[in-house]
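Reader: Could you take me through this structure, with the criteria behind each term?
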Amino acid sequence: MTEMTASGCSESSCGSTADQLSHLPEHIREKVHNHPCYSEQAHHHFARMHVAVAPACNIQCNYCNRKYDCANESRPGVVSELLTPEQAIKKTLVVASEIPQMTVLGIAGPGDPLANPERTFQTFQALSETAPDIKLCVSTNGLALPEHVEELSKHNIDHVTITINCLDPEIGAKIYPWIFWKNRRIKGVKGAKILIEQQQKGLEMLTEKGILVKVNSVMIPGVNDKHLAEVSKVVKSKGAFLHNIMPLIAEAEHGTYYGIMEQLGPTQAELKELQDACEGDMNMMRHCRQCRADAVGLLGEDRGSEFTLDKIEAMEIDYSSAMEKRKVVHDNIAAELARKEEEKAQGVQFVSLDSLRKTAKPKPQLRSVLMAVATQGGGIINQHFGHAKEFLIYEVASDNVKLIGHAKTDQYCSGNNTCGDGETVLQKLIRSLDGCEVVLSAKIGYEPWEQLEEAGIIPNSEHAMEPIEEALLAVHKEMAESGALEEKTEAGLRATA
């Protein structure tokens with residue numbers, strides 16, 4: 001018999017974002033529980049770092065423009081400093097010492113790590129020896145993956161991300177103008193066919209080795225958006241355990257082909273609809289921030305400017321001592337998370353479905369609400385509305401909180417208590433929150449408060465420094481008690497008719 005909570009939700013379908021990986025085997029959960037890019041719960045508490053040691057790429061994507069010495073853009077392929085393996089190793093040890101909650105080191109570009117195998121594997125080999133407590137990851141387009149699977153398995157690398165945007169070469173030709181394969185540039189459908197075959201072969205080889213695979217896909221309206229549900233089914237059948245469908249970034253100022261051609265990206269609603277459609281077949285990742293190739297810190301923040309080469313050059317690191325400090329920090333975070341889960345479990349009473357049917361009175365159906373949150377990390381509401389460069393978007397029901405994505409925006413305030421040319425920036429920010437009914441932040445000024453209300457979005461700063469999920473549920477309860485969320489029950493509709 002299916003067991004239900006007192007609220008009427010089955011264990012398999014209800015719960016918070018902490019339940020995202022609960023259906024996975026224990027050995028997989030153990031590998032990803034503190035991996036911020038793989039675990040929705042971990043991303044609030046653990047940090048990651050990317051080192052930019054791989055400048056060359058073996059394919060061209062219509063959504064990509066690799067930029068160097070760029071500190072003002074936050075998207076894949078952008079870096080401020082290209083590192084040698086030696087520089088990357090030192091920078092990693094410095095960051096891991098200064099940010100002890102950093103658990104993951106990844107190589108994601110700015111080109112493709114496996115198109116630069118010597119630089120990539122030199123970095124991985126040294127770090128697996130000097131910093132065995134750091135998880136090592138690689139992100140790749142997959143073209144050169146099959147020939148490097150054996151080498152990947154030798155370097156303490158148990159997480160690989162492959163970007164797979166299609167299975168159909170005709171669609172692939174619209175995304176990839178060319179690939180560089182066996183010393184030849186191959187264009188169009190023929191090139192896309194080779195890339196797709198290599199990606200699928202590499203995926204199968206990795207899963208056979210027991211290496212966890214996450215698949216990234218860029219949602220491109222009118223190109224592959226109707227095709228990605230099939231991609232999700234196929235990659236799951238071949239062993240991928242997580243699928244991250246990301247929105248196309250195609251602003252003209254980025255200089256990409258799609259940007260210049262004014263290719264539209266998906267709306268938040270379109271992205272959510274596709275993710276929801278795929279979720280029945282595949283575990284979906286919804287907390288991706290589409291990070292720079294040199295990102296440092298918690299997801300949603302970038303502390304890279306604190307660790308530039310000139311700043312770390314003279315630093316001496318005793319990493320054995322740092323490892324002890326790191327272990328204490330990690331253990332404390334784990335204990336805190338375990339305590340919260342235990343408190344949550346103790347607060348749930350389980351009753352049978354038959355019992356609920358006999359005793360429960362029909363209740364008005366309460367609709368879910370989209371709410372935006374300004375946060376600097378830690379799983380709490382701790383950021384001023386005007387200082388936020390992104391908002392996490394949650395779908396909130398009476399007994400369930402689900403992270404469905406994030407909205408990037410320009411910062412409304414400059415941070416010096418003067419908000420400059422605020423009207424244009426604020427209007428753009430409010431448009432980015434389209435569909436949200438509430439926005440929660442630690443503090444918010446009078447002008448944005450007024451304009452948010454005019455746009456039909458309720459500003460809320462009453463839950464500053466509170467845990468995000470608890471605050472969202474509290475706000476939903478307040479809305480329900482006011483009668484704003486009631487929908488008629490099926491029985492009520494029949495009676496009215």
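Author: Buried means under 20% relative accessible area, exposed over 50%, and partly exposed in between, with a 1.4 Å probe and protein chains only. Helices (H or I, at least four residues) and strands (E, at least two) are DSSP runs, numbered from the N terminus. This is a predicted model, in which local features need pLDDT of at least 70 and side-chain atom pairs count only at pLDDT 80 or more, while totals for chains, interfaces and linings use all residues. Residues are numbered from 1 along each chain as its sequence is written, and side-chain values use heavy atoms, with hydrogens and water left out.

Reader: Which residues of strand 9 are buried on one side, and which on the other?
Author: Leu212, Lys214, Asn216 and Val218 are buried on one side, and Val213, Val215, Ser217 and Met219 on the other. Strand 9 (residues 212-219) is largely enclosed by the rest of the structure, because eight of its eight residues are buried.

Reader: Why two sets of residues?
Author: In a regular strand the side chains alternate between the two faces of the sheet.

Reader: Which strands run parallel to strand 9?
Author: Strand 6 (residues 157-163) pairs with strand 9 in the parallel sense over five bridges; two strands pair if DSSP finds at least two bridges between them. Val160 stands opposite Val213 in strand 9. Strand 10 (residues 242-247) also runs parallel to strand 9, joined by six bridges, and Met219 has Pro247 of strand 10 as its bridge partner.

Reader: Changing topic, how many salt bridges are found in the whole structure?
Author: The search finds ten, a salt bridge being a side-chain nitrogen of Lys or Arg within 4 Å of a carboxyl oxygen of Asp or Glu. One of them joins Asp276 and Lys272 at 2.7 Å, N to O. These two residues are four apart in helix 9 (residues 268-279), so about one helical turn separates them.

Reader: Is Lys272 buried or exposed?
Author: Lys272 counts as buried, at 15% relative accessibility, whereas Asp276 is partly exposed at 28%.

Reader: What else does Lys272 form a salt bridge with?
Author: Lys272 also forms a salt bridge with Glu395, with the closest N and O atoms 3.5 Å apart. Lys272 lies in helix 9 and Glu395 in strand 16 (residues 390-397), so this pair ties together parts 123 residues apart in sequence.

Reader: And Asp276?
Author: Asp276 forms a salt bridge with Lys402, the closest N and O atoms being 4.0 Å apart. Salt bridges that share partners join Lys272, Asp276, Glu279, Glu395 and Lys402 into one network.
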